[in-house]
Amino acid sequence: MSLLTAVVRSRRTMGLFIAVMFAASAVMFTPHAAAGSGRGVRAAAAAPRLPLLVRRSSDGRLFSYEPAATGAGLRAGVDLGGGYAAATAILRANVSGAGNSDVYFRLGGSLFYTAERGSGTRRIGPGWDAYNLLMSPGDMGGAAAPDILARDADGALWLFQGKPDGTLLDRVQVGPGGWNTMSALAGYGDYTGDGKNDLLARSTGGTLYIYPGTGGVTANAVLGTRISAGTGWDAYTALVSTGDNDGDGKADLFARDAAGALWLFKGTGTASAPFAARVKIGASGWNTADAFL
């Protein structure tokens, strides 16, 4: 039984849930804390080469697909366990270093963090049902751990800097509004070649934009002026990056089409032409997943 399954079952007995989860929570964090100020600028490290994590919609099991040993593509999936169907949001974050399958997940408005394969789950805090989109772009501001981006109902975007224990710093506003015109957020690395992690955002009209990271976390100055990466991206039902898939040191992008095929867009590291021509790495079957991370 996965640790997430245990958490879900323990919620049926509230006393046990409170005792277990609050004992595991060395630090509690409420996502409505006052916005923090910037913590300086630091260039991001080279794009990590992380596995693609996929939640199967039929039973909520989580699978890990490691990058192929050479070239682009993925190895056969490895089953990481079940119980994830109850999560209303799930996102990956390589917090523990060796734990490439670390995840955050939301249950009943509370956010939890669990290290690879369910070891060391902790409750981060309540109030996360205020956000209709959660994702991790990696380390945006130099806190030495992956961060979380969250969009609220008014369309404002917020950054939560990660800490090495999986907890989070107070939120910083990335943008005061307008982010509800975006149908997807993705990215895990540098797409402009300046050494700083960037954000990819697809508009409801199908245009993909690169929002260059500034390397800092000053309110409303986390991202620079957006750059168009082309139109037609509404042909894809899922967009996700795990960093560098093909081993060339540049951040790539996965996209799933309506037929269930999986495509890899290799990153070039150049803002004016950020991706090479797409490569099909999965002919079909990827539409059995309801979450890519």
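Begin by selecting Asn-220, which sits in the loop between β14 (208-211) and β15 (227-228); helices (H or I, at least four residues) and strands (E, at least two) are DSSP runs, numbered from the N terminus. Residues are numbered from 1 along each chain as its sequence is written. The model is predicted, so local features need pLDDT of at least 70 and side-chain atom pairs count only at pLDDT 80 or more, while totals for chains, interfaces and linings use all residues; side-chain values use heavy atoms, without hydrogens and water. Asn-220 is not a glycine, yet its phi is positive, at about 60°. With a relative accessible area of 42%, Asn-220 is partly exposed; buried means under 20% relative accessible area, exposed over 50%, and partly exposed in between (1.4 Å probe, protein chains only).

**The whole chain.** Of its 293 residues, 55% are buried.

**Strand β14 and its partners.** Select β14 next. Leu-208 and Ile-210 on one side, and Tyr-209 and Tyr-211 on the other, are all buried, leaving both faces of the strand covered. In a regular strand the side chains alternate between the two faces of the sheet. Leu-200 has Ile-210 of β14 as its bridge partner. The two strands form a hairpin with four residues between them, and Gly-206 in the turn has a positive phi of about 95°. β15 pairs with β14 in the antiparallel sense over two bridges, and Ser-228 in β15 is the bridge partner of Tyr-209.

**Charges over rings.** Keep Tyr-209 in view and select Arg-226: its charged end sits over the Tyr-209 ring, 3.8 Å from the centre. The criterion is NZ of Lys or CZ of Arg within 6 Å of the ring centre and within 35 degrees of the ring normal. Arg-278 likewise places its charged end over the ring of Trp-263, 3.5 Å from the centre.

**An aromatic cluster.** Select Tyr-191, Trp-233, Tyr-236, Phe-265 and Phe-275, which ring pairs link into a cluster. Rings of Phe, Tyr and Trp (its six-membered ring) pair if their centres lie within 6.5 Å; planes under 30 degrees apart count as stacked, over 60 as edge-to-face and the rest as tilted. The structure holds 15 aromatic pairs. One of them is the tilted pair of Trp-233 and Tyr-236, 5.7 Å centre to centre with 50° between the planes; both residues are buried. Phe-265 and Phe-275 form an edge-to-face pair, because their centres are 6.3 Å apart and their planes stand at 70°. Phe-265 belongs to strand β18 (residues 262-265), whereas Phe-275 lies in the loop between β18 and β19 (279-282), 10 residues apart.

**Salt bridges.** Finish with the three salt bridges, each a side-chain nitrogen of Lys or Arg within 4 Å of a carboxyl oxygen of Asp or Glu. Arg-55 meets Asp-290 at 2.9 Å, N to O. This pair links strand β1 (residues 52-56) to strand β20 (residues 289-292), 235 residues apart. Arg-55 is buried at 9% relative accessible area, whereas Asp-290 is partly exposed at 43%. Arg-56 bridges to Asp-59, with the closest N and O atoms 2.5 Å apart. Lastly, select Arg-61 and Asp-79, whose side chains meet at 2.7 Å, N to O. Arg-61 lies in the loop between β1 and β2 (62-65) and Asp-79 in strand β3 (residues 78-81), so the pair ties together parts 18 residues apart in sequence.

Key:
Pairing = 2+ DSSP bridges.
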